[in-house]
Amino acid sequence: MSRYFSEKYNGLTPYVPGEQPRERTYIKLNTNELPFPPSPLAQQLARKQAGDLSLYPDPDCLLLRQTAAEFYGIGKDQIMFTNGSDEALNFAFMAYCDEDTPIAFPDVTYSFYKVLCALNRITCEEIPVREDLSIDPEDYFGLKKTIIIANPNAPTGICLKKEVIEKIVASNPDNVVIIDEAYVDFGGASCIDLIDTYDNLLIIRTLSKSSALAGGRLGIAIGNEKLIADLNVLRNSLNPYTINRMTMMAAVGVYSDRSYLESCVERIKAIRQAASERLTELGFEVIPSSANFLFARNPKYDGNRLYQDLKEQGILVRHFDTQRLKDYVRISIGNEDDMQTLTDTIGKLLEVKNEKS
Ligand SMILES: *Cc1c(COP(=O)(O)O)cnc(C)c1O
């Protein structure tokens, strides 16, 4: 750090994204990207924008909001777009919490939430998940704090039922409850249709996962018009042009091509099922997943060791070095061939281990 760096950022530990290696080609099963390209329509509409990049994009994202609102069955003033959902999360944290208004979330969840608390000097309360890494909803009933829950949760893939989320939202009427639905297309039930009933429900989505637009950076906030107006004040105070032309039109393409999304999701679910079965045969405990990744551990294979051994074999998975998660690896669902290579490789690694011992 330079000596000019503001003291208020002392001790800030930035989020560590999954590796995006350039030194060799890996089978990348570490950052939950979709292993398929974006919708052909999305690609085509994005390409058409290249010649207009000299012009600013529409700061209101009107065409995109209209197309998306129709897709989700909501009003165009109930939705706002951001540069990736991490940005939407930041605006929500800025808007609804501070030092005296803490935010509560599970101790096992998306690690970015803690980083955002440190950045914005927000008090956070981490609520321990159960022994099996599932969330106990009772912990959140009538909590009287701002709450954020990823549903399905990361990195476990465990999903809470919609009725349960509704109870959390209904029992905290004086606080905003944020539901991060980054993975909901892969198995969970969305709470979007509850936003007209509960003015304290804010849903965060992303086109990075199921819509194959991670490189385009598009996040979504959905909720009551007044919540969305709050977030727009912050967005327009920072940068009204966070959504670039190519991404904006790519997303219009995504929302105009529902069947592509559905076919990708079906394919991921089938691959997930097959991979989960093979890992179970190899002695893994696999947490039933509602997301596009598997969280699994093998009593005979240390999590960090497995991560390292796979990396040596050209396969990247994610390992989290915390007490509760260190036995596990998180494996993003790749295409059929990549998952076959993964399980074949693990099978061989286990054989070598057995011969040694
Ligand atoms: C991936 C992810 C996000 C962030 O996605 P963006 O690429 O920033 O849109 C948000 N929440 C969870 C739980 C995620 O896994």
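This is a short chat about the fold and the surface of the protein.

Reader: Hi! What kind of model is this, and how are residues numbered?
Author: It is a predicted model, where local features need pLDDT of at least 70, side-chain atom pairs count only at pLDDT 80 or more, and totals for chains, interfaces and linings use all residues. Residues are numbered from 1 along each chain as its sequence is written, and side-chain values use heavy atoms, with hydrogens and water left out.

Reader: Thanks! How many helices and strands are there?
Author: The protein has 10 helices and 12 strands. These are DSSP runs numbered from the N terminus: helices are H or I with at least four residues, strands E with at least two.

Reader: And how much of the protein is buried?
Author: Buried residues make up 51% of the 357 residues; buried means under 20% relative accessible area, with a 1.4 Å probe and protein chains only.

Reader: How many bridges does β10 share with β12?
Author: Strand β10 (residues 293-297) pairs with β12 over 5 bridges. In β12, Y328 is the bridge partner of R297.

Reader: Last one: what box do the C-alpha atoms fill?
Author: Roughly 65 × 50 × 50 Å, taken along the principal axes.

Definitions and conventions: Buried < 20%, exposed > 50% of the residue type's maximum accessible area, 1.4 Å probe, protein only. Pairing = 2+ DSSP bridges.
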